[in-house]
Amino acid sequence: MSMKVNRQTVDLSPYPNLVVIYLGMRVNRLTGLKTLFGFGPKISGSVAAAPDGLLLHEFFLFSFFPMHLGMRQYWRDMDSLFAWSRSEPHRAWWKNFLRDSGGTGFWHETYLMQGGMEAIYDDVPKPVGFMRFAPVIPARGPMFGAAHRAAKPSEAKPVVSEEELYGP
């Protein structure tokens, strides 16, 4: 006996500034396993602290070999995401990662309910997401920070400045 599909949807009207961010970490070298598994407890602790504006956090697996784990987060708005990403301990994690990716690659793609998208790919050896169809350019100058990439002007400075990372 066939049954009709139970179709449902959601009312997102209470979330006019919703931001969805997909994040991924891929093991590029054997040493990357240590880096990847070292971040797990840090991320879990950060989520358990319930940062203001984080509505939901989910983990998932992109692939087992090479190991490529992912997360999806829903944020109330971009300002909440910016505030959290510029606070400790995230700022320290990100700064350390950008100095040495520890045998991993990291990326994120951000989608905004009000329009706009942005992405960053650090030490990602094979194209994922937008990289698979859009031109890849250096994340330098105006393209260094997420706010500019998303075409959302903000007073928020990048978590780590271009000068801190590369020098003057």
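This is a predicted model: local features need pLDDT of at least 70, side-chain atom pairs count only at pLDDT 80 or more; totals for chains, interfaces and linings use all residues.
1. Ground rules. Local features need pLDDT of at least 70, side-chain atom pairs count only at pLDDT 80 or more, and totals for chains, interfaces and linings use all residues. Residues are numbered from 1 along each chain as its sequence is written, and side-chain values use heavy atoms, without hydrogens and water.

2. Helix α3. Helices are DSSP runs (H or I, at least four residues), strands likewise (E, at least two), numbered from the N terminus. Helix α3 spans residues 90–99, and His-90, Trp-93, Trp-94 and Phe-97 in it are buried (under 20% relative accessible area; exposed is over 50%, partly exposed in between; 1.4 Å probe, protein chains only). Seen down the axis of α3, these buried residues fall within an arc of 95°, so they line one face (the arc uses directions from the helix axis to the C-beta atoms).

3. Aromatic pairs. The whole structure holds 12 aromatic pairs. Rings of Phe, Tyr and Trp (its six-membered ring) pair if their centres lie within 6.5 Å; planes under 30 degrees apart are stacked, over 60 edge-to-face, the rest tilted.

4. An edge-to-face pair. Tyr-22 and Phe-60 sit 6.1 Å centre to centre, with 70° between the planes. Tyr-22 is in strand β1 and Phe-60 in strand β2, so the pair ties together parts 38 residues apart in sequence.

5. A stacked pair. Trp-94 and Phe-97 have ring centres 5.7 Å apart and planes at 10°, so they are stacked. Both lie in α3, 3 residues apart, about one turn of the helix.

6. The exposed side. Val-10 lies in the segment before β1. Val-10 counts as exposed because its relative accessibility is 62%.
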